[in-house]
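Subject: Structure handover

Hello,

Here is the structure I promised to pass on. My notes follow below it.

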Amino acid sequence: MTVGRAGRHLRAASVAVVGAMASVAVMAASSPITSTAKSASPVATGTPAVSAVPSAASASASASASASTSTSTSVAPRDLPPSAALRAPLGDKPGLAPLTVTVLEPHLARDGRMPEVRYVGFEAGAVLTRVLGAGWRAPGQELEFRALDGFVSRIPVERFAQHRAWLVTARADGRAFEVDNHLQGERQVPLGPYYLVWDNRASKALQAEGGALWPYQVTTVRVGPSSMRALLPGDLAATYAGAADLARTHCLSCHRVRGYGGDKMPLDLDVVVKGYDAATWRRWLLEPAAVRPGTTMPALAEGMPAAERAAIAQRLYDYLRALPPGTPAR
Ligand code: HEC
């Protein structure tokens, strides 16, 4: 990573802080995560996904315990401490216990099948509480994970009450902590210092989502108000809340909408979409490598059925073209 790259990171982070406004009602009503999680059918798994972890019930109990915390605060990005520091006691709090967890690795998906990989790390909620304080679980907020390569994942805190997640730091089998990300045409990509992984073995919905919300090389985390208000200016919320959420999940880790998003490929999608007709747009999103061989742009949600992928591409197209011209001040 170059110094210039880091500078761009910081600028984008401060833009995000200024532009973010909470829109709790919109998020709760529209999140496909919420709706698909309920209909997810568990798949049979031979062994439990984790060898020692607090139950999901205790995670949601602590979520409601801290739910009275204000939702309007926005916290600066915090560095994730090295894993040795997480294992050590902090004040009167005991150190975090490392866990061995098993996930279906979406970055290694081939023809819709994902191999199981075992990682060593920590329960994500425990790390976040240690780094951000217990208030991070207050509903309506969004966590922002930033990576060395400019990739940004914005994830509603509610998802951490619905699914178990871990911040992992190594493979359990001692092999190099890296992955071949064939979706982005990248080989032997280092995953450290932290890689956010989800307990996807029991959730078809998480499997279908692929690796969009599995940021690796994570160095900092921030909690703040939801970005949905910025993504839905004027009166767009009623029609396009679901599409904006899809953009946040699938596109804004690398690109931007109205100045919001990641630095990996900092394009303003609301601007570039104007140069596409619907068919060209769909073809690019569904099969970028066929349009531009060797591209590192990943195909949209490869784990989903073709009709659903095409429908998402169309919804993104309609939403992005409906956005009013102009982006907010950077
Ligand atoms: C992992 C990062 C990543 C994600 C996620 C991603 N893209 Fe891209 N995108 C790229 C890269 C890299 C390029 C440049 C591709 C090239 O030139 O080979 C690109 C290029 C584009 C372009 C072409 C711009 C132009 O006209 O040259 C469009 C349009 C685009 N992306 C839309 C999207 C949309 C919509 C989504 C969400 C469905 C998305 N991208 C998700 C990395 C990403």
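**Ligand shell**

The shell around the ligand is made up of 12 nonpolar, 6 polar and 2 charged residues (Ala, Val, Leu, Ile, Met, Phe, Trp, Tyr, Cys and Pro count as nonpolar, Asp, Glu, Lys and Arg as charged, and the others, Gly among them, as polar). Cys251, Cys254, Met265, Thr295 and Met297 come nearest of the 20 residues around the ligand (a residue is near if its C-beta atom, placed from the backbone, lies within 6 Å).

This is a predicted model: local features need pLDDT of at least 70, side-chain atom pairs count only at pLDDT 80 or more, and totals for chains, interfaces and linings use all residues. Residues are numbered from 1 along each chain as its sequence is written.

All 7 of the 7 residues of strand E4 (residues 141-147) are buried, so the strand is largely enclosed by the rest of the structure (strands are DSSP runs of E, at least two residues, and helices runs of H or I, at least four, numbered from the N terminus; buried means 20 or more other C-beta atoms within 10 Å of a residue's own, with C-beta atoms placed from the backbone). Gln141, Leu143, Phe145 and Ala147 point one way from E4, and Glu142, Glu144 and Arg146 the other way.

E4 pairs in the antiparallel sense with strand E10 (residues 218-225) over 7 bridges (pairing requires at least two DSSP bridges between the strands). Here Gln141 stands opposite Pro225. E4 also pairs in the antiparallel sense with strand E5 (residues 152-156), over 5 bridges, and Glu142 has Pro156 as its bridge partner. E4 and E5 form a hairpin with 4 residues between them, and Gly150 in the turn has a positive phi of about 95°.

Regards

Definitions and conventions
Buried ≥ 20, exposed ≤ 12 C-beta atoms within 10 Å, placed from the backbone.
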